[in-house]
Amino acid sequence: MTAALPRTSASTRRSRARSPLHGGRFGLVAVLPFVVFMLLFAVYPLVQVVRMALSHVEIRGGQFLWDFGTLANFARMFGDALAGSSAVTTAVFIAATVPLTLVLGTLLAVLVDRSELFGPVARNLALWPAVVAPVVVSLIWLLILSPTVGVLNRVLVDVGLPPQGWLGSEVGAMVSIILVDVWHWTPVVFLLVYTALKGIDDQILEAARVDGANERQVFWRVVLPLLTPALAAAALIRLVMGVKAFDEMFLLTRGGPNDATTLVSLHIRNVFFDRLELGYGAAFSLTVVVFVMLVLLVSVLVRRTARQGGAAA
């Protein structure tokens with residue numbers, strides 16, 4: 001009788017802990033701050049953007065005047081040549097920066113992983129550009145690329161070559177912002193790939209070497225396939241970062257010359273803050289967000305299909 005009492009109490013506690021009501025209350029309290037945060041800073045702003053995109057909005061006397069119920073803002077995008085060119089410029093920018101950062105970040109991670117003597121120092125140096133504020137990055141590259149005070153043009157003059165207008169020509173400005181973005185954000189890819197490299201079991205690599213594989217075969221046939229999830233995640237992160245890219249381009253070129261470096265983020269900023277066309281800016285912003293969400297959804301579905309296909313094989 002006396003021995004059965006503690007077992008009953010423990011069983012009761014376990015049953016209470018597994019009770020859906022008990023877990024539901026705790027879960028509700030745990031997620032409540034997150035739910036409130038999302039409602040205030042995600043759902044409410046998104047609803048307002050959708051409402052603004054479907055309205056003709058004016059500012060008169062410090063007040064917003066809403067004329068709700070129109071699709072004119074979306075129709076207007078088809079006649080906005082700068083909207084189309086900014087989308088193309090952004091696509092070119094992403095097509096250049098994402099592969100470059102993936103290749104350089106992976107190469108850097110492999111080199112640091114193989115370096116036993118300088119590995120810790122190289123690891124810290126490789127991460128340094130990512131922690132620098134964008135305004136400082138812009139200043140650094142302005143001192144390098146400026147046609148008057150830039151170090152690069154001084155070097156060209158010293159070796160007998162003519163100075164170049166790196167930020168003054170359309171092609172030069174585009175190449176410059178791609179270079180700056182790759183320099184700034186390659187460490188993000190490096191960090192993801194380096195972490196994945198450290199997670200690979202050494203026994204797998206040793207087994208491949210015992211089977212006769214050389215170092216090149218080990219990398220291409222063993223290491224790189226195991227890095228695929230990390231590389232896919234890095235590609236998606238870099239894709240989103242490419243759409244959001246703003247600071248360095250705005251500070252270095254302001255979208256010029258001749259709108260050659262006007263990304264969608266800069267065009268949205270001009271529409272909102274310079275032209276005060278709030279409804280049109282909201283419609284363009286919403287279209288960009290929906291497009292990015294569709295790209296992410298398709299990439300997730302492709303990864304899931306490939307994973308299921310691999311498991312079935």
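Thr89 sits in helix 4, residues 81–114. Helices here are DSSP runs of H or I with at least four residues, numbered from the N terminus. The model is a predicted one, in which local features need pLDDT of at least 70 and side-chain atom pairs count only at pLDDT 80 or more, while totals for chains, interfaces and linings use all residues. Residues are numbered from 1 along each chain as its sequence is written, and side-chain values use heavy atoms, with hydrogens and water left out.

Thr89 has a relative accessibility of 12%, so it counts as buried. Buried means under 20% relative accessible area, exposed means over 50%, and partly exposed is in between, using a 1.4 Å probe and protein chains only. A polar atom of the Thr89 side chain lies 2.7 Å from the backbone oxygen of Ser85. Leaving aside residues up to four places away in sequence, Thr89 touches Met174, Ala260, Thr261, Thr262 and Leu263. Touching, or contact, means heavy atoms within 4.5 Å.

Next comes the loop between helix 12 (247–252) and helix 13 (264–274), where Pro257 is found. Most residues other than glycine have a negative phi, and most peptide bonds are trans. The peptide bond from Gly256 to Pro257 is cis, with omega near -5°. Arg254 is also placed in the loop between helix 12 and helix 13. Its phi is near 55°, a positive value in a residue other than glycine. Asp259, in the loop between helix 12 and helix 13, likewise has a positive phi, near 60°. How exposed is Arg254? Its relative accessibility is 59%, so Arg254 counts as exposed. Asp259 is partly exposed, with a relative accessible area of 40%.

Now consider how helices pack. Two packed helices are described by the angle between their axes and the distance between the axes. An axis is a line fitted to C-alpha atoms, for helices over the stretch in contact, and angles between N-to-C directions run from 0 to 180 degrees.

Helix 6 (residues 134–145) and helix 8 (residues 170–198) have axes that come within 11 Å and cross at roughly 130°. That makes helix 6 oblique to helix 8. Angles under 35 degrees count as roughly parallel, over 145 as roughly antiparallel, 65 to 115 as roughly perpendicular, and the rest as oblique. On the helix 6 side, Pro134, Val137, Trp141 and Leu145 meet Ser176, Leu179, Val180, Trp183 and His184 in helix 8. By class, this contact of helix 6 with helix 8 has seven nonpolar, two polar and no charged residues. Here Ala, Val, Leu, Ile, Met, Phe, Trp, Tyr, Cys and Pro count as nonpolar, Asp, Glu, Lys and Arg as charged, and the others, Gly among them, as polar.

Helix 10 (residues 215–226) holds Val223. Val223 has a relative accessibility of 4% and therefore counts as buried. Not counting residues up to four places away in sequence, Val223 touches Leu197, Ile200, Leu205 and Val218. Val223 and Val300 are 77 residues apart along the chain, and their C-alpha atoms are separated by 22 Å.

Helix 10 also packs with helix 11 (residues 228–244), at an angle of about 55° and with the axes 4 Å apart. Helix 10 and helix 11 are therefore oblique to each other. Leu224, Pro225 and Leu226 of helix 10 make the contact with Thr228, Pro229 and Leu231 of helix 11. The residues of this contact divide into five nonpolar, one polar and no charged.

Conventions
Helix = DSSP H or I, 4+ residues; strand = E, 2+ residues; numbered from the N terminus. Polar contact = N/O pair within 3.5 Å; in protein donor to acceptor, adjacent residues only side chain to side chain.
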